[in-house]
Structures are given as structure tokens and as C-alpha cells.
Amino acid sequence: MDSNKNNIGIKLEYEVKKDDFTRAGEASSNIKKVLRQLGIDSDVIRRTAIATYEAEINIVIHSEGGTITVYIKPDRIEMIAEDSGPGIEDVRLAMQEGFSTASNKIRELGFGAGMGLPNMKKYTDEFYIDSQKGGSTTVKMTIYI
Amino acid sequence: MLIKDIKELLDAEFLAGYEYAEREVNAAFGCDLMSDVLAFVDDKVVLLTGLTNPQVIRTAEMLDLNAIVFVRGKIPPKEVIDLANEMKIVLLATNHTLYTACGILFSNGLKGITIGGVEG
Ligand SMILES: Nc1ncnc2c1ncn2[C@@H]1O[C@H](COP(=O)(O)OP(=O)(O)OP(=O)(O)O)[C@@H](O)[C@H]1O
Ligand SMILES: [Mg+2]
């Protein structure tokens, strides 16, 4: 974790590894702790934790690995999840509730409901996703405090 | 309903958090899909599940859930119990199936959560 205070607020950054199911969720857990220490409203904390957790799990399950960066500013929390591919073929389809390409092995772990991206959208005030097949996936989310 | 009542009704045993037996829950949710839990569940809800991996605890942590019941006699590995202790989450284990465990709690007055105006 790299945390520093300056004019952009507080920046938190975490590396998320592919297929690392034991550590999956640690970044979001840490983000949640920091927000709690800062005395942020509990509803904002919950929504942020859910959004970063879904993004973190998607990086673990679906990507080659990536990073989660969070900026805590006086009026909002910005979250950026970025990975190094393989990208999403049809983003519109991926955004639909229930759409999932998760394997049976992943489903046995409790994922693959196809609710992660819809959840991120539902719990945040601004949601933006950019992805191409063969490229990286970037999810940017903002929650106003 | 209090955690200790849930324990009695389900003939369950504590795996973690027995010191929180007096905690109260307002509803229950039975599910093996973590994103569905994240989509619908609020705090003060007990989660009943057949999954025993660390992600179940992480999911509960994100939602501030304070109790999980493992059904079908499943016992999670030690690191999962350790994580629950660290997060102050109650873990119970029962031999009942998910359906039966939910039925017992429901018939004793613990309702489901509300989704789009319908009790789930
Ligand atoms: N970072 C990513 N890289 C590549 N593909 C992704 C990524 N995130 C999502 N996807 C694709 O979009 C689909 C839908 O994602 P979403 O998070 O909504 O559901 P899921 O991860 O399959 O299941 P759930 O989140 O409910 O456990 C995924 O099945 C996958 O095909
Ligand atoms: Mg997902």
C-alpha cells in the first residue's frame, strides 16, 4: 500500500494478482479500514467496499492481474480498477445482470452470478467502464460523500 | 432474533464469535453466490451458506454482516475461522441443509430480506 496526503487527498494503491483466491479481498478490506479510521459515513464506506471488492474479484478471476487505486477527497471517493487484459468482448452484454463467463470452478467458489458489474454501477454515483477484447479493462467509479 | 436463539434452533455449534451470542439479527439470507449477497443484503442479516472459503468472510466483512451459518455440516478451514475472528464475525455450523435451516428460522419468526417490495 502506498498512502500519502497532499492536495489530491489520500491515495491508496494495491496490486491485485490473478487467481490469488486466498488474498482476494485484502485490498478492499484495507480500503474499508482506512475509510473507517477517517470517520467517513458508514453507508459511504459500505458502498465503497462493495464496489472495490467486486472490482478486485473481477481482476482476480477474469484478468491477468491489475491494480486498484482509490483517491479519498473531501467531497468524494474515486476508485480506479485497471488490469492488463484480456479485455471484454461485449461490454454492453457484460453489464447485464446475470451475464457471466465464469467457469464451473469459479462458480463453486461462489462467483459467477453475473452481478458484479451491475452491483458496482448500482452502489456508486458515477460508473464508467472501458474495455476492448485483447486490451485492458478500466473501471472508474465515484461515490460522493 | 438473537444469535444464541439461532444456534439453539439449528442445533448449531459456534466456530467463532461465541462471545457475541447476544447480538441481534433482523433477517436471514440463504445463498451460495456471493455477488447476489452483495446485491441484496443489508447489515444485521445472518447469511446461511454452504460455501466455506475466505471469500464468504470477505463478503460478510464488506457488508458489515455479523453472523454466518454454514449448512450441511460444512466446516471451513482454520484460516477462514481465523479471518472471522479477526473481523468479529460469528460463525455457526449446522448439519441441516440450506433449505431446512432457512425453513426452521423462518417458521420461528425470522423473515427474509425484501427485494423490490417482495419478501425474499
Ligand atoms: N476485469 C475483467 N477482465 C475481463 N473480463 C471481465 C472483467 N470484469 C468482468 N469481465 C467479464 O464480464 C462478465 C460479467 O462480470 P460481472 O462482474 O458482472 O459478473 P461475474 O464476475 O461473472 O460474476 P459475479 O461478479 O456475480 O461473481 C464476466 O463474467 C467476464 O466475462
Ligand atoms: Mg464479478
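Arg36(A) and Asp64(B) join their side chains in a salt bridge, with N to O at 3.7 Å. The model is predicted. Between chain A and chain B the count is three salt bridges. Over all chains, the count comes to 16.

Next, the interface itself. Chain A gives 25 residues to the contact, and chain B gives 22 residues. Together the two chains bury about 1900 Å². Of that area, 51% lies on carbon and sulfur atoms.

Now follow Arg36(A) back into its own chain. Besides its salt bridge to Asp64(B), Arg36(A) takes part in the contact of α1(A) with α2(A). Helix α1 of chain A covers residues 26-37, and helix α2 of chain A covers residues 42-62. An angle over 145 degrees counts as roughly antiparallel, so α1(A) is roughly antiparallel to α2(A). The crossing of α1(A) past α2(A) is right-handed.

Which residues of α1(A) and α2(A) meet? From α1(A) come Glu26(A), Ala27(A), Ser28(A), Ile31(A), Lys32(A), Leu35(A) and Arg36(A). From α2(A) come Ile45(A), Thr48(A), Ala49(A), Thr52(A), Tyr53(A) and Glu56(A). Sorted by class, this contact holds six nonpolar, three polar and four charged residues.

Chain A also has a salt bridge between Lys18(A) and Glu64(A). Their closest N and O atoms are 3.2 Å apart.

Turn to chain B for another helix pair. Helix α3 of chain B runs over residues 54-63, and helix α4 of chain B over residues 78-86. Their axes come within 9 Å and cross at roughly 15°. Angles under 35 degrees count as roughly parallel, so α3(B) is roughly parallel to α4(B). The crossing of α3(B) past α4(B) is right-handed.

What makes the contact between α3(B) and α4(B)? On α3(B), the residues are Pro54(B), Ile57(B) and Arg58(B). On α4(B), they are Val80(B), Leu83(B) and Ala84(B). By class, this contact has five nonpolar, no polar and one charged residues.

How values were computed. Residues are numbered from 1 along each chain as its sequence is written. Chains are lettered from A and ligands numbered from 1 in the order in which they are written. This is a predicted model: local features need pLDDT of at least 70, side-chain atom pairs count only at pLDDT 80 or more; totals for chains, interfaces and linings use all residues. Side-chain values use heavy atoms; hydrogens and water are left out. Axes are lines fitted to C-alpha atoms, for helices over the stretch in contact, and angles run from 0 to 180 degrees between N-to-C directions. Helices (H or I, at least four residues) and strands (E, at least two) are DSSP runs, numbered from the N terminus. Angles under 35 degrees count as roughly parallel, over 145 as roughly antiparallel, 65 to 115 as roughly perpendicular and the rest as oblique. A crossing is left-handed if the near helix is turned anticlockwise from the far one by less than a right angle, and right-handed if clockwise. Contact means heavy atoms within 4.5 Å. Ala, Val, Leu, Ile, Met, Phe, Trp, Tyr, Cys and Pro count as nonpolar, Asp, Glu, Lys and Arg as charged, and the others, Gly among them, as polar. Buried area is the accessible area (1.4 Å probe) that two parts lose on being put together, summed over both. A salt bridge is a side-chain nitrogen of Lys or Arg within 4 Å of a carboxyl oxygen of Asp or Glu.
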